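Subject: Structure for you to look at

Hello,

Here is the structure I promised to pass on. Please open it and keep it beside this email as you read.

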Amino acid sequence: GLMPETYSDIRKQWARYYFGGMDIAMHHLRSTIFGRNYLTVWQKTDYALGGLINLGAVFMIFNTLGMVVTSLTYSLLRIFHPELSGEMFYLFIIFSNWLIIYNCYQVFRMFLISLTFRLVHHAPWLEAINGAISFQSLITTQAKAAVRALSQQKQPFMKTPKGQKQQHKKVDLKPILLEITLSLLLAIALILLWMTVPSRTEIAGYMLLGIWKIFVYGSTIQRALQPSR
């Protein structure tokens, strides 16, 4: 199997994979998973998870927007209406604890991917972690593909170029505008929160997970801007 030689081509390839899995789970549920056929239970489970797991990427985007909205809301209340911020802080803590559970799963998932590269492909730890970061950087690609499938858009089959001589291209920021926007919004929200919150120890976990999200979106930006090799 040949690898695509640029990150943009990898994103196009995986967008096709993610869309296909979601499309099967949505439109062929009866024939593949619930129908009488020759598929084993494990194969049916693979078909189902191949689509449904994409919803986790969509959830992460909404999760990030939720962090931005709640952080900014609390910070602005703290600045302009401190008398209203007391009750809001307890709601904020409840919300942040719920986010921590989900994001701990994301961190653990990245560790498992690294471990898989290490044990199955016998890659050095540094290379295994680097591979997991590359895989994690496709989460916005996964979310976009899932939204296209959910909105019942058609996905034309695009052949991924492989083994071709790559020409130097100008940096195009349009494909990573979502990642840049989410990173900036989250960074601003976390800085304001850190400056206005009364108890920093209570939100330490929340801050770490916000930084983790910036790292995930930043990995997409870094991979998209790096030169082709």
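Below is what was found in it, from the whole chain down to single residues.

**The chain as a whole**

Keep in mind that this is a predicted model. The chain has nine helices and zero strands. Read from the N terminus, the elements run α-α-α-α-α-α-α-α-α. The chain holds 229 residues, and 39% of them are buried.

**Helix α1 against helix α7**

Start with α1, residues 7-27, and α7, residues 139-150. Their axes are 8 Å apart, and the helices pack at an angle of about 40°. Roughly parallel would need an angle under 35 degrees, and roughly perpendicular starts at 65, so α1 counts as oblique to α7. The crossing of α1 past α7 is right-handed. On the α1 side, the contact is made by R11, A15, Y18, F19, M22, D23, M26 and H27. On the α7 side, look for T140, T141, Q142, K144, A145, A146, R148, A149 and L150. By class, the residues of this contact are nine nonpolar, four polar and four charged.

**The salt bridge**

How many salt bridges does the count come to? The count is one. The partners are E179 and R11, and their closest N and O atoms are 3.0 Å apart. E179 sits in helix α8, residues 177-196, while R11 belongs to helix α1, so the pair ties together parts that are 168 residues apart in sequence. Are E179 and R11 buried or exposed? Both E179 and R11 are buried.

**Helix α6 against helix α9**

Next, find α6, residues 125-136. Helix α6 packs against α9 at an angle of about 90°, with the axes 8 Å apart. That angle falls between 65 and 115 degrees, so α6 and α9 are roughly perpendicular to each other. From α6, the residues in the contact are N130, I133, S134 and Q136. They meet W212, F215, V216, S219 and R223 of α9. The contact of α6 with α9 has four nonpolar, four polar and one charged residues.

Which residues does T220 contact, leaving aside neighbours within four places in sequence? They are Y7, R11, S137, T140, I176 and E179. Two of these, R11 and E179, are the salt bridge partners.

*S75.* Look in helix α4, residues 55-80. S75 is buried too, with a relative accessible area of 0%. S75 touches L192, L193 and T196, not counting residues up to four places away in sequence.

*A204.* This one lies in helix α9, residues 204-225. A204 is 10 residues from W194 in sequence. In space, the two are 9.4 Å apart, C-alpha to C-alpha.

Then follow R11 into the contact of α1 with α7.

Best wishes

Notes: Residues numbered from 1 in each chain as written. Predicted model: local features only at pLDDT ≥ 70, side-chain atom pairs only at ≥ 80, totals over all residues. Heavy atoms only, no water. Axes fitted to C-alpha atoms, helices over the stretch in contact; angles between N-to-C directions. Helix = DSSP H or I, 4+ residues; strand = E, 2+ residues; numbered from the N terminus. Parallel < 35°, antiparallel > 145°, perpendicular 65-115°, else oblique. Left-handed = near helix turned anticlockwise from the far one by under 90°. Contact = heavy atoms within 4.5 Å. Nonpolar A, V, L, I, M, F, W, Y, C, P; charged D, E, K, R; others polar. Salt bridge = Lys/Arg side-chain N within 4 Å of Asp/Glu carboxyl O. Buried < 20%, exposed > 50% of the residue type's maximum accessible area, 1.4 Å probe, protein only.
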